[in-house]
Amino acid sequence: MLPKELYGKLKKVLAPPFQITLLTHINPDGDAIGSLLGLYWFLKKKGCQVSMAIPNEYPRFLDWMEGTDRILIYSRQEKQVKEVLQKADLVFYLDFNEPGRIGEIQPVLEGLDVTRILVDHHPEPECKADYIISVQQVSSTAELIYQLIEGLGELELVDTLIATCLYVGIMTDTGCFSFNSSQPRTFEIVGELLLRGIDKDRIFSLVYDNYSEDRMRLLGYSLEQKLVILPEQRTAYISLTRDELDRFNHAQGDTEGFVNYPFSVSNIRVSALFIEREDHIKISFRSKGDFPINTFAAQFFNGGGHKNAAGGESYEPLTDTLKKFENLIEHYSDEINRLP
Ligand code: 5GP
Ligand code: MN
C-alpha cells in the first residue's frame, strides 16, 4: 500500500478543473505506454482535462491500444507538446527516475510553474517532484497506477479499457510473468483486472503476435549471424549496425526484447544488445540474480535502470564499444561465475 496521507493531498490536485499532462520516457515500452494510457483514461473518466506527451515514437506493436492516436510525440509535434506543458497545472512523470530520460522535453519543463508527480519503480529517483510515488518492489509502473487509483478509493472507475492498458504494462515489464513478478500482490492485481473483463489471451496476441515480417527476419538474422557467446564469462551479446537495421527496414521498437533471447542458451547470466544509432550506440543490458547490471550500465555506459534490466549509451564506434564491453565483462568474470 502507498502512504495514506498522500491521497488526501492528491485528491485535491486531481480535481477536474486542473489541466493535467502525462509524460513518459524516451523509447517508450509497454509499461510506459500502458501506464500513460491507463492513467489517461482514468483521469478522463474523472472529468479531468488531460494530455499525453512522449519524446519519440512508441513501438508499432502497441499501435492497437486505444488512445495511442492522442499521444503527442515531441520529435514531430514539438509545438503542441510545448503548448500542453505550458498550460498544465499538473504534470505526471511515469516510469522514469532521471530527468534525462525524457530527452528533449526536459528543458521545456524547466521554469514551468506546475505541480509534478512522479510514479515509478526504478531505484533512487533523481527527478524533482512535489509528490513521489516510487516503489521498487512492484512489477511495473502500471501496477503502481492501479495502487494509486485504489488509494484514491476510485477502483470502481477501472473499466475494461483502463484494465487492458494496465495489464499491457504489467505483462510486458515482467516478460509475461517470468521476472519482476514474485510478489503475490502483482497476481492479485492481475486477478482484479481479469474481473474487469480484460481478454488476457487476446492482449498477449496483440502484443507478441503482431510484429512485421521484417522484424521477424531481423530477429532470425541477429540470432544466426550476430549472436556472440563468451562462455567463460557466461555472457552473450548481439550487435546490429545501421546498415543491417536498414536492410530489414527497421522501425522503432523492432529490436525490443531481442536482448532476452540469449538467456535461452543454458548457463548465460549476462546479455547485452548494441544498436548503432545515428550519433551513438544504444545498449540494453540484462542480468540474472545478484549481478547488478544497472550499476554496470551507470558506471561504464552513461546509463541505469533496474538491477536485472538496464540500458546505456556509448559515443565510441560500435567495434570499440564491443571491445570495451568484452574487456569489462572479463574483469567481472569471477563475480559472474560465482552466480548460481
Ligand atoms: P531497455 O533495455 O528495455 O531499453 O531498458 C531496460 C531498462 O533500463 C528500463 O527500465 C529503462 O528505463 C532503463 N534504461 C534504458 N536505457 C537507459 C538509459 O540510457 N539511461 C537510464 N538511466 N536508464 C535506461
Ligand atoms: Mn517500467
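How many nonpolar, polar and charged residues does the shell around ligand 1 have?

## Shell composition

By class, 2 residues of the shell around ligand 1 are nonpolar, 8 are polar and 4 are charged. Here Ala, Val, Leu, Ile, Met, Phe, Trp, Tyr, Cys and Pro count as nonpolar, Asp, Glu, Lys and Arg as charged, and the others, Gly among them, as polar.

## Basis of the model

This is a predicted model, in which local features need pLDDT of at least 70, side-chain atom pairs count only at pLDDT 80 or more, and totals for chains, interfaces and linings use all residues. Residues are numbered from 1 along each chain as its sequence is written, chains are lettered from A and ligands numbered from 1 in the order in which they are written, and side-chain values use heavy atoms, with hydrogens and water left out.

## Ligand 1 and its contacts

Ligand 1 is surrounded by 14 residues, the closest being Arg101, His122, Lys282, Ser284 and Arg286; a residue is near if one of its heavy atoms lies within 4 Å of the molecule.

A side-chain N or O atom of Arg101 is 2.9 Å from an oxygen atom of ligand 1. For Ser284, a polar side-chain atom lies 2.6 Å from a ligand oxygen atom. A polar backbone atom of Gly304 is 3.1 Å from a nitrogen atom of ligand 1. Polar contacts are pairs of N or O atoms within 3.5 Å. Taken alone, ligand 1 exposes 490 Å², and the protein buries 86% of that (Shrake-Rupley method, 1.4 Å probe).

Two or more shell residues come from each of β10 (281-287), β11 (304-305) and β12 (309-314), and β12 gives the most, with 4 residues. Strands are DSSP runs (E, at least two residues), numbered from the N terminus.

## Two domains

The chain is divided into domain 1 (4-208) and domain 2 (213-337), with bounds from an automatic or database domain assignment. Their centres, taken over C-alpha atoms, are 27 Å apart. The contact (heavy atoms within 4.5 Å) takes 12 residues from domain 1 and 11 residues from domain 2.

About 980 Å² is buried between domain 1 and domain 2, and carbon and sulfur atoms give 48% of this area. Buried area is the accessible area (1.4 Å probe) that two parts lose on being put together, summed over both. Because domain 1 and domain 2 both give residues to the shell around ligand 1, the ligand lies between them.

Conventions
A polar contact is a pair of N or O atoms within 3.5 Å; within protein, one must be able to donate a hydrogen and the other to accept it, and residues adjacent in sequence count only if both atoms are side-chain atoms.
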